[in-house]
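Please open the model in your viewer and keep the selection tool at hand. The stops below go from one selection to the next.

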Amino acid sequence: MKRIRKKANSRRFASIAFFLLIALAVGISAPAWLSWVRALPETAKAIPPVSLWSDAPTARPTQTPGPRIALADGYDTRELWLVNAEHLLTEAVRGDLVPIKGLPLAYMGMELEEDALAQALAMFEDAQASGMTGYVITSAYRDAKKQQELYDTMDRTYVAAPGASEHQTGLAMDVQLLEGDDMAKAEQGKWLADNAHRFGFIQRYPSDKTDITGIVFEPWHFRYVGPVHATYMAQNGLCLEEYIEWLALHPQGYTLTIEGMKYRVYRAESAEEPTALPADGAVYELSGDNAGGLIITVEG
């Protein structure tokens, strides 16, 4: 199980605090100084800190809110970007696409986002250890030009318009079987559907969510969202649209324990305005949701 990468930089925030004290001493207002440092819009308003442990107030000691952060200040994993006909991709993918190696491919030259590939390798290794073999990746990252070509020449029941395809994120892959068996009926397909969440993948277009996703059942399409989010979605029977909506309606989020490690997930209403982290030095990840929100995943 992949653990969340450390993104907090206590030294950076300590330096910012030091210079803030200097700024205050010479008469520069804190809002003006922060605007200069972070280049935030002048109209940006801070979102009130979220009480991370409100669901169990006596279980944890009171924490002093940490530094305030906006998506522009941190690394957006984009792992929770909702991409569909209503939420189009408006930016190019990051530069951390890597060639797929070590897995059977329908053709050479496929790429995935780096973390997604690492977890895919671990997932198929675990599948093999469980006696599940014969997988082949038939599609992974596609650029807009390739997506347009497919949209113009293939059955649009199975091909999204450019900008509406998850394949353009580098976080999605199509998995079929070398023998051509139906992924929905074959034991290998069932194993992936049941275990993908442990490695951060979800079966993106399940058979019982077609009215929500707007996409027919695709037992071969798997999307990387990270182990914490994939596990919560699997435990609660949510597709990505439902998960993003749930977080929007419950911004204080939830806690989840995986292999003895506790995680907290919560959402800020705006990805552009700063929100408080739970404590200085926190280990966390940030992801926009492509719907205006910022989702924070905190370890510990």
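Predicted model: local features only at pLDDT ≥ 70, side-chain atom pairs only at ≥ 80, totals over all residues.

Residues are numbered from 1 along each chain as its sequence is written, and side-chain values use heavy atoms, without hydrogens and water.

Select the four strands of the open sheet, which run in the order 4-5-7-6 with antiparallel pairing; strands (E, at least two residues) and helices (H or I, at least four) are DSSP runs numbered from the N terminus, and two strands pair if DSSP finds at least two bridges between them. Strand 4 (135-139) and strand 6 (201-205) each have a single partner strand, so one side of each lacks a neighbour in the sheet. Between strand 5 (172-177) and strand 7 (218-224) there are three bridges, and Asp-174 stands opposite His-221 in strand 7.

Next, select Ile-100, Met-123, Phe-124, Tyr-135, Met-173, Leu-192 and Phe-201, which have the most contacts inside the largest nonpolar core, of 28 residues. Such a core is a set of buried Ala, Val, Leu, Ile, Met, Phe, Trp, Tyr and Cys residues joined through side-chain atoms within 4.5 Å, where buried means under 20% relative accessible area (1.4 Å probe, protein chains only). Helix 3 gives the most to this core, with six residues.

Finally, select helix 7 (227-236) and helix 8 (240-249), which pack at about 100° with their axes 11 Å apart; the axes are lines fitted to C-alpha atoms over the stretch in contact, and angles run from 0 to 180 degrees between N-to-C directions.

Terms used: Buried < 20%, exposed > 50% of the residue type's maximum accessible area, 1.4 Å probe, protein only.
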